Amino acid sequence: MNSKVKKYLVLTGLGVSLLLVLALISFFVIDELKGGAVGDGQNKYELIIDSGEPSSSVVRELAGAGMIKSSVYFNYLIKFTRSGNKIKQGVYDINDGMSSRKILDVIISGKVKLVTFTVPEGYNNRQIGDLLVTKKLAPSREEFLKVTQSPALLTKYNIPAKTLEGYLFPETYSVPLNYPLERITEMMIKRFYKKLETIPEAKGIKPEDLHFRVVLASIVEREAVRKEERPMMAGVFLTRIEKNINLESCATIQYLFDKPKKRLFESDLKIVSPYNTYINGGWPPGPISNPGLPALEASFRPMKSDKLFFLLKPDGSHYFSSTFKEHLEAKKKFIDVLYQ
């Protein structure tokens with residue numbers, strides 16, 4: 001190979017390398033000019049991508065919201081990275097401090113916006129439904145209640161009842177917007193059974209026996225204020241059942257109302273309902289709330305005694321009595337004085 005050929009090849013190689021460098025520099029310049037962040041992240045936008053929505057529609061929305069510099073460049077980026085069929089449905093938090101590449105990475109990775117909600121201990125299904133509505137996770141309370149009455153779910157988890165009341169564990173959950181109500185409900189059921197595994201006495205329990213414990217726990221949850229009193233309270237209810245004495249739980253009366261009353265009256269105690277434990281003996285037909293772990297533990301480990309009555313004192317604790325006479329005296333001392 002003569003020197004001229006060598007020189008030509010060297011120059012050609014340098015020329016190609018220079019073109020590649022220039023092309024690379026041009027790409028980064030264009031990427032910054034056309035695909036860089038629009039702002040500093042102060043402006044935020046909630047991007048909703050529906051199932052089957054074309055990428056062109058997503059790009060138009062981003063451009064219209066001022067989240068990208070160039071829709072042409074963003075479309076090119078989608079084609080160059082072959083991401084057209086990778087964009088996932090969901091709700092995304094976008095801000096103007098994100099580059100086009102970052103936005104594309106978010107919507108193809110499925111990093112959707114999460115909604116966090118907390119179910120307090122003792123909430124019933126109606127209250128949970130209202131909570132999910134406020135969080136925009138359910139269209140209505142009624143739609144959620146339909147799911148909680150699903151025969152398929154009741155059969156799947158061997159729950160011997162007509163509703164999932166009592167089996168939706170109260171805790172904090174995070175789910176994407178537009179998450180199916182069935183899956184949200186199953187999350188709470190699965191958490192219930194996971195927590196149940198921490199109670200040794202519940203191991204291998206039959207569904208019917210578990211349901212009885214859940215009913216008891218649901219009443220204790222709504223009656224108790226202090227955690228340490230729950231075992232004693234569970235013992236009181238069990239003793240009353242053993243002695244064929246009506247439970248007379250105010251919590252079961254409160255369950256009859258759409259929203260709990262600040263104070264119950266004598267007329268409330270006469271409402272005809274199978275949940276009214278003042279006029280009906282035995283247990284109510286089902287749980288009246290979704291109990292937390294302490295109440296469940298109390299239902300499996302009740303503290304038995306001769307106590308048959310209890311009443312709530314102004315300080316939040318309960319006074320436990322063995323006789324009705326003692327109970328009336330405690331009522332005069334702690335309750336009646338408040339209404340004189």
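Author: With contact, which here means heavy atoms within 4.5 Å. Keep in mind that the model is predicted.

Reader: Leaving aside neighbours within four places in sequence, which residues is Ile103 in contact with?

Author: Ile103 touches Leu62, Met67, Ile68, Phe74, Ile94 and Met98 once those neighbours within four places are set aside. Ile103 itself lies in helix H4, residues 100–109. Its C-alpha atom is separated by 9.7 Å from that of Ala37, a residue 66 positions away along the chain.

Reader: Is Ile103 buried or exposed?

Author: Buried means under 20% relative accessible area. Ile103 has a relative accessibility of 0%, so it counts as buried. Across the chain of 340 residues, 42% count as buried.

Reader: How many helices and strands does the chain have, and what share of the contacts with a separation of 6 or more comes from residues 24 or more positions apart?

Author: The chain has 13 helices and six strands. Residues 24 or more positions apart make up 63% of the contacts with a separation of 6 or more.

Reader: Which residues of the largest nonpolar core touch the most other members?

Author: A nonpolar core joins buried residues through side-chain atoms within 4.5 Å. The largest one here has 38 residues, and Phe117, Leu132, Leu137, Phe144, Ile184, Met188 and Phe192 touch the most other members. Elements that each supply at least two residues of this core include strand S3 (114–118), helix H5 (125–134), strand S4 (172–176) and helix H12 (293–300). Helix H8 gives the most, six residues.

Reader: What is Met188 in contact with, beyond its neighbours within four places in sequence?

Author: Met188 is in contact with Val119, Ile128, Phe144, Tyr167, Leu168, Phe169 and Tyr173.

Reader: Now helix packing. At what angle do the axes of H9 and H10 cross?

Author: Angles of 65 to 115 degrees count as roughly perpendicular and those over 145 as roughly antiparallel. The axes of H9 (residues 207–223) and H10 (residues 230–242) come within 10 Å and cross at roughly 120°. The two helices are therefore oblique to each other. The crossing of H9 past H10 is right-handed.

Reader: Which residues make the contact?

Author: From H9 come Phe212, Leu216, Ile219, Val220, Glu221 and Glu223, and from H10 come Arg230, Met233, Ala234, Phe237 and Leu238. Eight residues of this contact are nonpolar, three are charged and none is polar.

Definitions and conventions: Residues are numbered from 1 along each chain as its sequence is written. This is a predicted model: local features need pLDDT of at least 70, side-chain atom pairs count only at pLDDT 80 or more; totals for chains, interfaces and linings use all residues. Side-chain values use heavy atoms; hydrogens and water are left out. Axes are lines fitted to C-alpha atoms, for helices over the stretch in contact, and angles run from 0 to 180 degrees between N-to-C directions. Helices (H or I, at least four residues) and strands (E, at least two) are DSSP runs, numbered from the N terminus. Angles under 35 degrees count as roughly parallel, over 145 as roughly antiparallel, 65 to 115 as roughly perpendicular and the rest as oblique. A crossing is left-handed if the near helix is turned anticlockwise from the far one by less than a right angle, and right-handed if clockwise. Ala, Val, Leu, Ile, Met, Phe, Trp, Tyr, Cys and Pro count as nonpolar, Asp, Glu, Lys and Arg as charged, and the others, Gly among them, as polar. Buried means under 20% relative accessible area, exposed over 50%, partly exposed in between (1.4 Å probe, protein chains only).
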